[in-house]
Amino acid sequence: MDDMEIFYEIQFGLPRQGPGSDEMTRRALGLLPPFNASSKILDVGCGPGKQTVALARNTPATIVALDNYMPFLGQLRYHAEAKKVADRIDIVCASMFNMNFKPESFDAIWSEGAIYIAGFKNGLRDWQRFLKRGGYMALTHITWLDSNPPDELWRFWQEGYPEIAALRENSTTIAECGYRLIDTFTLPESTWWNEYYTPLERKLPYFRDRYAENPAALAIVESAQHEIDIYKKYSRYYGYVFYVMQKA
Ligand SMILES: C[S@@+](CC[C@H](N)C(=O)[O-])C[C@H]1O[C@@H](n2cnc3c(N)ncnc32)[C@H](O)[C@@H]1O
């Protein structure tokens, strides 16, 4: 098994693949005008699709859910069928770097915890062409909540995602990329734990046993633990912020 396979083996089956909650998805939706039955929303990096199903349950729109990892899309389908919204969710297995939709075909683009893969600025610029004029973009993104992080935390993010920036800097980027920022709000700490870190941390002892004789795999397990420990120690310095904006 290569490193990515072990990573996905550890991550698979969690309700979410990052911080979030149905309540936060609804709060962001509440900042937008209502959608109708002919509206289309693109959910980029939908993963197992908790937010996709929340969008389908709280709007009459069709949701196009895109991710490049097929097992997550299977999880999404199962969840959508259980909630009886599968008929309004079109599942697309493709890379966000190679999206093949018609220009200006979506009323909104949604992306919870996934724009970092494209890069914040790059994703804002690249995805814009799929939005109708005046269309909306709603996304969550890792953000400094305090501009003076301790050294250990600074190094952690320099290694993991050096593009991390403060809200003010991200707001400037949003304006530079041709959007009008409508509002932002920070996700509460409970959204990191309830459907993500708590179930992930519970699985780690099993993988420590399973990979006791495999140092490379064990390092991946311990890096998941390290990420959780860093959050336990420093959650007041960084968080996920919902950015809700309109194509200018
Ligand atoms: C941090 S997870 C967030 C998933 C989901 N939105 C959630 O909050 O549970 C990032 C997602 O992006 C997907 N992903 C990674 N690289 C991708 C790519 N190049 N194209 C599309 N999706 C990608 C992963 O499979 C994963 O589901």
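Residues are numbered from 1 along each chain as its sequence is written. In this predicted model, local features need pLDDT of at least 70 and side-chain atom pairs count only at pLDDT 80 or more, while totals for chains, interfaces and linings use all residues; side-chain values use heavy atoms, with hydrogens and water left out.

Visitor: Which residues lie nearest the centre of the largest pocket?

Guide: A pocket is an open set of points on a 1 Å grid over the protein atoms alone, with protein on both sides within 12 Å along at least five of seven lines, and lining residues have an atom within 4 Å of a point. Here the lining has 49 residues. Those nearest the centre are F7, Q17, Y116, Y196 and E227.

Visitor: Are helix 1 and helix 9 parallel or oblique to each other?

Guide: Helices are DSSP runs (H or I, at least four residues), numbered from the N terminus. Axes are lines fitted to C-alpha atoms over the stretch in contact, and angles run from 0 to 180 degrees between N-to-C directions. Helix 1 and helix 9 pack at about 125 degrees, with axes 9 Å apart. Angles under 35 degrees count as roughly parallel, over 145 as roughly antiparallel, 65 to 115 as roughly perpendicular and the rest as oblique, so helix 1 and helix 9 are oblique.

Visitor: Which residues of helix 1 make the contact with helix 9?

Guide: Contact means heavy atoms within 4.5 Å. Helix 9 brings Y196, L200, K203, L204, F207 and R210. From helix 1 come E9, I10 and Q11.

Visitor: What is the handedness of the crossing of helix 6 and helix 8?

Guide: Their axes come within 10 Å and cross at roughly 25 degrees, which makes helix 6 roughly parallel to helix 8. A crossing is right-handed if the near helix is turned clockwise from the far one by less than a right angle, and left-handed if anticlockwise. This crossing is right-handed.

Conventions. On a 1 Å grid over the protein atoms alone, a cavity is a set of points where a 1.4 Å probe fits but cannot get out, and a pocket is an open set with protein on both sides within 12 Å along at least five of seven lines; lining residues have an atom within 4 Å of a point. Helices (H or I, at least four residues) and strands (E, at least two) are DSSP runs, numbered from the N terminus.
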